[in-house]
Amino acid sequence: MPLPSRLHAIAQLIPPGSRVVDVGCDHGYLAVWLRQQGGCLLVIATDVAAQPLEAARRSAVRAGVTSGISFRLADGLDAVEPDEVDTVVIAGMGGETILGILLGAPWLTDGGHRLFLQPQSKMPELMDFLARNGYQVQDQHLTEDSGRLYTILEVTAGHMESPQGGKCYVSRKLVERGDPLLETYLAERITKLRRVTAGLKQAGNEEKLAEAMAALHDLEKWRGAKQS
């Protein structure tokens with residue numbers, strides 16, 4: 001079963017032999033692909049709604065993959081026991097929704113779990129939450145799907161300082177690795193932040209404006225360094 005690029009990028013990062021839960025599995029494409037490849041021992045596919053979960057079951061039947069996948073109707077990780085999995089995928093959701101799911105599963109900071117998070121929005125809020133709640137961003141990856149850029153955060157338990165400025169959007173490893181999509185990602189973030197700062201100036205929100213300006217300054221500096 002072919003995977004959308006944004007999910008294929010996550011699948012490529014999951015080590016063989018992992019026991020995975022895909023939270024908000026939608027049509028179950030990632031779960032089915034992981035079992036088809038034979039590298040993952042178990043994949044738990046969860047969704048908060050019955051209809052997409054049933055669609056995921058049908059995807060598994062069509063692909064001839066019915067063993068090694070458990071389908072569970074659940075809000076977040078409510079139906080998953082800590083010792084069942086070692087890898088957690090939360091993709092295709094807003095940053096606030098992701099942090100809400102993490103908040104409901106404090107056992108994720110026990111040191112035995114690796115998380116792959118693909119936030120669609122609210123990166124600064126999610127990064128701040130991770131820093132304040134016992135998580136550490138080990139790496140960041142970029143991928144493109146249907147003309148849209150996606151970022152993947154590879155997260156474990158640990159300690160990190162709450163990111164400030166441009167570090168809310170771009171990790172040190174991403175810059176050091178020279179990701180081929182980094183230039184496009186920086187340009188995209190800069191454009192959005194310029195719009196945000198213009199709106200904050202009009203609204204007179206000095207605190208949020210200072211935060212946005214700091215991030216914008218960093219991103220413009222890093223982009224300039226890449227272009228020079």
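Let me begin with a definition: contact here means heavy atoms within 4.5 Å. The structure shown above is a predicted model, in which local features need pLDDT of at least 70, side-chain atom pairs count only at pLDDT 80 or more, and totals for chains, interfaces and linings use all residues. Residues are numbered from 1 along each chain as its sequence is written, and side-chain values use heavy atoms, with hydrogens and water left out.

With contact defined, I turn to Asp179. This residue sits in the loop between α6 (172-177) and α7 (182-203); helices (H or I, at least four residues) and strands (E, at least two) are DSSP runs, numbered from the N terminus. Leaving aside residues up to four places away in sequence, Asp179 touches Leu142 and Leu174. Is Asp179 buried or exposed? Its relative accessible area is 9%, so Asp179 is buried; the term means under 20% relative accessible area, against over 50% for exposed and partly exposed in between, with a 1.4 Å probe and protein chains only. Between Asp179 and Gln140, which are 39 residues apart along the chain, the C-alpha separation is 9.7 Å.

Next, the sheet. Seven strands form an open sheet with mixed pairing, in the order β3-β2-β1-β4-β5-β7-β6; two strands pair if DSSP finds at least two bridges between them. At the edges are β3 (69-73) and β6 (135-145), each of which pairs on one side only. On average, neighbouring strands of this sheet are turned by 20° against each other, direction ignored. For this and later angles, axes are lines fitted to C-alpha atoms, for helices over the stretch in contact, and angles run from 0 to 180 degrees between N-to-C directions.

Let me take some of the pairings individually. Strand β1 (residues 19-23) and strand β2 (residues 42-47) pair in the parallel sense over five bridges, and Val20 has Val43 in β2 as its bridge partner. Four of the five residues of β1 are buried. Strand β4 (residues 87-93) and β5 are likewise joined in the parallel sense, over six bridges, with Arg114 in β5 as the bridge partner of Thr87. Strand β5 (residues 114-119) is mostly covered, with five of its six residues buried. In which sense do β5 and strand β7 (residues 148-157) pair? They pair in the antiparallel sense, over four bridges, and the partner of Leu115 in β7 is Val155.

Helix α4 (residues 95-103) packs on this sheet, touching β1, β4, β5 and β6, and its direction makes about 150° with that of β4. Helix α7 lies across β6 and β7, running at about 100° to β7.

I now come to a helix pair. The axes of α2 (residues 29-37) and α3 (residues 50-63) come within 9 Å and cross at roughly 30°. That makes α2 roughly parallel to α3, where angles under 35 degrees count as roughly parallel, over 145 as roughly antiparallel, 65 to 115 as roughly perpendicular and the rest as oblique. Tyr29, Val32 and Gln36 in α2 meet Ser59, Ala60 and Ala63 in α3.

Finally, Leu3, which is found in the segment before α1 (5-11). Leu3 counts as buried, because its relative accessibility is 14%. Apart from residues up to four places away in sequence, Leu3 touches His8, Ala11, Tyr29, Leu30 and Trp33. Tyr29 is also one of the α2 residues that meet α3.
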